[in-house]
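The text below walks through the salt bridges of one protein model. Please have the sequence and coordinates open while reading.

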Amino acid sequence: MATNAKTRKAARYAVPVAVFGVIAGTIAMVPAFANAGGPDLPKVTAQQLIEKIAASDVQQLSGSAKLSTDLGLPSLPAGLLGGGGVTGGSADPQDKVAQLASGTHTFRVAADGPDRQKLTFVDGKDEYSLVHNGDDVWGYDSKSKEAFHEKAPADAGKGDKSSDRKTGDRLAASPQEIAQEVLEAAGPTTDVSVGDTAQVAGRDAYQLVLKPKGNGSTVASVKIAVDAKNGVPLRVQLLSTDGGKPIVDAGFTKVDFAKPAADTFAFTPPKGAKVTEGAAGDHGKGDAEDKGLGALESIPGLGGLTGGAEGGKNDMKVLGEGWTSIARIETGSADTLKGLDSAAKDKNAPKGAQQFLDALGEKVSGKFGEGRVLKTRVVNALITDDGKVYVGAVTKAELVKAADANQ
């Protein structure tokens, strides 16, 4: 799925979870009702619950949130992704987001309308903060004492609530952002129902459940817990067809919908901090956008699905639809697979790179020839020996079937 320039801009200050881009179209409603088991709430249909989410106009909140991600990746060799952890390395937002692809991370979140949001990573004793306050955007790493500064886009906060929302309409790191992406991407291949009620962050909530209608997807369901009073999504869970703990579990642990104090969004680099300036003005040009928006493509499995092939030498075509859609990319290079193996074996490659590659993927063959399937718990990719890449939130069998049918 290609991501337009405005959506890429909007991702700059969000913490994206990059597995929902494989769903397309409009929502197909299933008029199921909430079941017993949690708080006793009035019954609602899926249609009514989605309307409640759409009608929610909460712009002020503060609290704590937790993000747990288990993509099923083998342990990364030291230096393979760079950085020393979520709170180590630099103040570059892209580095921080790339490190959210695994493990559990906690945040403090605050928002006051379209012009002020703050996200603070609080893993360990060190902190990393990302602050949007009016015209300025700051990133600060307390461990390295480095700061990253950019001017916010001139039109931030002036967009509508369509898929072209600008940066200011998105609450950084909020489950609202993730839920909205899921709902916009869900298609006619999706069953939408209301599951059991629940309590999240001490608040009564309904649960909206999205499930693929067919077979072949690695996703079993997406569950969105929605505040029963104000319609704000409080938690999003992505469940695997293989079972086990959620692939992604993002939700508030504490939330308050009162207006945050104004000084919450004030930031001045500490004395002695090293400050890196991004480009002011047009964020659609230059390396500054790559640093901020490139974070969206940093999470393993997302790059090929978010327009990375667009405008370059690669030719991308989407095969199928909905949960089992597959992106077919012509790299133009017949030695892509060999290149991966050679790079892993290179003497300058990070220690353990070959072991990592072998653990991540297995060699397969079919009518298309030979290739290697790189696997995670959600997004899988088949790289063929003739330079084609097939990637999607589908099983290995679906990738091989697609490659055989689209030689």
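What follows takes the charged pairs one at a time.

The model is predicted: local features need pLDDT of at least 70, side-chain atom pairs count only at pLDDT 80 or more, and totals for chains, interfaces and linings use all residues. Residues are numbered from 1 along each chain as its sequence is written, and side-chain values use heavy atoms, with hydrogens and water left out.

Side chains of opposite charge can pair when their charged atoms come close. Searching the whole structure for salt bridges (a side-chain nitrogen of Lys or Arg within 4 Å of a carboxyl oxygen of Asp or Glu) gives eleven.

One of them joins Lys151 to Asp136, with the closest N and O atoms 2.9 Å apart. Strands (E, at least two residues) and helices (H or I, at least four) are DSSP runs, numbered from the N terminus. Lys151 has 34% relative accessibility and Asp136 22%, so both count as partly exposed, the class between buried (under 20%) and exposed (over 50%), using a 1.4 Å probe and protein chains only.

Lys388 and Glu330 meet at 4.0 Å, N to O. Lys388 lies in strand 19 and Glu330 in strand 15, 58 residues apart. Lys388 is buried at 10%, whereas Glu330 is partly exposed at 24%.

A further salt bridge connects Lys396 with Glu362 at 3.3 Å, linking helix 9 to strand 16. Lys396 is partly exposed at 31%, as is Glu362 at 33%. Shared partners also join Arg328, Glu330, Asp386 and Lys388 into one salt-bridge network.
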